[in-house]
Amino acid sequence: QVQLVESGGGLVQAGGSLRLSCAASGRTFSNYAMGWFRQAPGKEREFVTTISWSGGDTYYADSVKGRFTISRDNAKNTVYLQMNSLKPEDTAVYYCAAGRLHRIPASYNYWGQGTQVTVSS
């Protein structure tokens, strides 16, 4: 089992920045690719970004490319999501997940409880 706890969400104005963190415990964190997904009210959960176990490979949704950056620190069992130039359409609950390096939620075995990000216009 891997337990994941997200933090860092909040309310920010459009154009602002937030940094989300996801702390992992349990099984070896570095065994897993880590992903960030988000879900807005009335919408399906969507892929945001993912990073390989080593941090050497990263992939982003087109909607966040150039604005968001994923990183990980395996020594701290933590993955980060730096979000810059935030837009109101980025408003959602953000989830981190551990699993295989992929864009689909079904590839991830473990999920955090989510953290709310709200971007005001």
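## Disulfide and aromatic contacts

Cys 22 and Cys 96 are both buried, where buried stands for under 20% relative accessible area, exposed for over 50%, and partly exposed for values in between (1.4 Å probe, protein chains only). The model is predicted, and local features need pLDDT of at least 70, side-chain atom pairs count only at pLDDT 80 or more, and totals for chains, interfaces and linings use all residues. Residues are numbered from 1 along each chain as its sequence is written, and side-chain values use heavy atoms, with hydrogens and water left out.

These two cysteines form a disulfide, with an S to S distance of 1.9 Å; the term covers a pair of cysteine sulfur atoms within 2.5 Å. The structure holds one disulfide. The link bridges distant parts of the chain, since Cys 22 belongs to strand 3 (residues 18–26) and Cys 96 to strand 9 (residues 92–99), 74 residues apart. Strands here are DSSP runs (E, at least two residues), numbered from the N terminus. The link of Cys 22 and Cys 96 is right-handed, with 45 degrees about the S-S bond.

The structure also holds five aromatic pairs. Rings of Phe, Tyr and Trp (its six-membered ring) are paired if their centres lie within 6.5 Å, and planes under 30 degrees apart count as stacked, over 60 as edge-to-face and the rest as tilted. Two of the pairs involve Phe 37, and they are set out below.

| Pair | Centre distance | Plane angle | Class |
|---|---|---|---|
| Phe 37 and Tyr 108 | 5.2 Å | 75 degrees | edge-to-face |
| Phe 37 and Trp 111 | 5.1 Å | 55 degrees | tilted |

Phe 37 lies in strand 4 (residues 33–39) and Tyr 108 in strand 10 (residues 108–111), so their pair ties together parts that are 71 residues apart in sequence. Trp 111 also lies in strand 10, so its pair with Phe 37 in strand 4 ties together parts that are 74 residues apart in sequence. Phe 37 and Tyr 108 are both buried, with Phe 37 at 0% relative accessibility, whereas Trp 111, at 26%, counts as partly exposed. Ring pairs join Phe 37, Tyr 108 and Trp 111, together with Phe 47, into a cluster.

Two arginines are placed over tyrosine rings. The charged end of Arg 19 sits over the ring of Tyr 80, 4.0 Å from its centre, and Arg 45 lies over the face of Tyr 95, at 3.8 Å from the ring centre. Such a placement requires NZ of Lys or CZ of Arg within 6 Å of the ring centre and within 35 degrees of the ring normal.

Terms used
Helix = DSSP H or I, 4+ residues; strand = E, 2+ residues; numbered from the N terminus.
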